[in-house]
Amino acid sequence: MSAKKLKYGNPTLFNTMMQPHFCPGCHYGSIVRALAEALEETGVVGDTVLVTGIGCSMVSAHYIKNLEGLVALHGRAPAVATGLKRALGKDKLVITMQGDGDLSAIGMGEIIAAVNRFEKLTTIFLNNANFGTTGGQAAPTSLAGQVTPTTPQGKDVETWGFPIHMAELLTNFKSVVYSFRGAMNTHKNYNRTKKALVTAIEKQKANMGYSFVEILSACPPGHHVKAQDSLKLVEKLIEEFPLGEFKNTGRPV
Amino acid sequence: MSAQKILCTGNDAIGHGAIAAGCRFFCGYPITPQNEIPAFFAAELPKVGGIFVQTESEISSINMLLGYVAAGLRGITTTSSPGFSLMQEGISGIHAMQLPAVVVNVQRGGPGSGSIATAQTDYNFAVKSAGHGGMKSIVLAPASVQECHDLTQLAFHLADKYRILVVVLSDAIIGQSAELIELKTFEFPETPKKTWAIRGSAEKKGIRLVLDSFMPFNYTSYFPMIKKKTDVIEAGEVRFEQRHVEDAELLVISWGSTARIAMEAINGARAEGIKAGLFRPITLYPFPRQAMRDAAKNAKKVLVVEDNQGQMLYDVEWALCGCAPISFLGIDKRDQAGGMGLLYPKPVLEEMRRLMS
């Protein structure tokens, strides 16, 4: 890659007044930045509300200028987003940003019901294979054998089950018009994921259906490893959770 | 003010009241004995450009309502006791963000799944807490179909006036009874502008509003601010009804549908020469403490009647500070042992006779 193609500095929408609070090596900062860029590219900022879940993603709305936000209760963001979207109408965009504990554990009912109700929402699902905020406990997304505070002998699939594949699962719903899984571990993956965010936003803008972007993320303190080893875990995550586009369709009705 | 008389149930009256108040959003999950309310909204809201959503659970209902009212519009959810349990976390969240919302609990009996028939067993639950965190909702207790209609309108006004969650605490017997009511749209004073509302509007620039259920406050300023608000509510929003209290030697204190039963017994007692009167709190929070004490000033005895095991009883004891001996008559005096039983005027009248003999 030629040097002049590299972009340095912050997207214009980035709120530089907000002190970064993400841990060193965490990918959430990059994800928020990618979202800021995608919002700018699609020209929807100012008409968008970000509903965040409980977890490290909850302060994300503070980082983006001209973005209204609401921090929902744990797992309930899709229900809150439904209420907001119904109140604001189809000209306004409502995006939820939820971690894997928030969405795939406590909030499974809300995401499935919102999707099945044919809500025109966008969900960004941050999958770092653990409950990062509470100290790295095993999540439904944790890998088989993954050592966490609640699986000290390694996650035993006999009693914990297998990692849940949300991006694939949601493709089964007619109302889902876009489902993608990306990562933030390489420059290429960053760019692909950002493009996916743009597509997901465009889908909602066109009032087509539910769009879903899962993003694999490092979490050094949650994984209880150094930043570079957390990156290695992301590579292992990619083996379990293939990257790419699982669904990209037009309006189902 | 337009007035039209119709025959309808308490559940339908809540719907009429909400639409008259400008509510254009309903979300809820089916549960007996309030199923007429969602059916009403599903039929009526589309006619006025409103939105009806049947949710996957009461947990979702309360959070969807949170999202809707965060946009500064009037919305409602209704449920019955077990569903009200499921809503508690969301109710706490609505209080944390100080959002105006109206939640109706058409009570059914007992703990667990309970019965599907009437009871007043959610008094403590509705009045004493609003989920975790020690917040208080305004609680309105209708005793008639007309009041279901009127208090629902009041609930929306109070919610907007104070940025607070208001509970309308009905029950199966009022919800399912039909009475002739007058449909009217109340004119309330203007409420504060909703500058806090999320509009998704491009006109707002810069660092914008984030409504937060998580530590949006620092405790040393947040709780005094809430206290200031509840002080105003406690001073200015107390509502109650009293009948024959001027010369009452026996003051009967009762709320909701049971107050109607108690009133029947009081009429019987008056015919027998027993000087009995009724005091009925309409706002369970704020509790009409001083008014109740004034009403009991000349009473020799006080009888609390509730269709539960004695819940408001403790608030009456607190309000009256031992100024008169207090007796209680409750759920164990129903005509049937099972969940379908009812409190009738007869055992109340017998207890009044016994107390005054």
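Which residue of S9(B) does Leu70(A) stand opposite? In this predicted model, local features need pLDDT of at least 70 and side-chain atom pairs count only at pLDDT 80 or more, whereas totals for chains, interfaces and linings use all residues. Residues are numbered from 1 along each chain as its sequence is written, while chains are lettered from A and ligands numbered from 1 in the order in which they are written.

Leu70(A) stands opposite Leu211(B) in S9(B). Strand S9 (residues 210-212) of chain B runs parallel to S2(A), to which three bridges join it; strands are taken to pair if DSSP finds at least two bridges between them. The contact between the chains takes 32 residues from chain A and 30 residues from chain B, residues being in contact if their C-beta atoms, placed from the backbone, lie within 7 Å. On the side of chain A that touches chain B, two or more residues come from each of strand S1 (48-52), strand S2 (68-71), helix H2 (77-88) and helix H4 (108-116), and H2(A) gives the most, with nine residues. Helices (H or I, at least four residues) and strands (E, at least two) are DSSP runs, numbered from the N terminus.

Chain B is itself divided into domain 1 (3-190 + 208-236) and domain 2 (240-356), with bounds that come from an automatic or database domain assignment. The centres of these domains, taken over C-alpha atoms, are separated by 26 Å, and their contact takes 25 residues from domain 1 and 21 residues from domain 2 of chain B. Among the elements that each supply at least two residues to the domain 1 side are helix H6 (123-128), strand S7 (165-171) and helix H9 (219-236) of chain B.

Terms used
Two residues are in contact if their C-beta atoms, placed from the backbone, lie within 7 Å.
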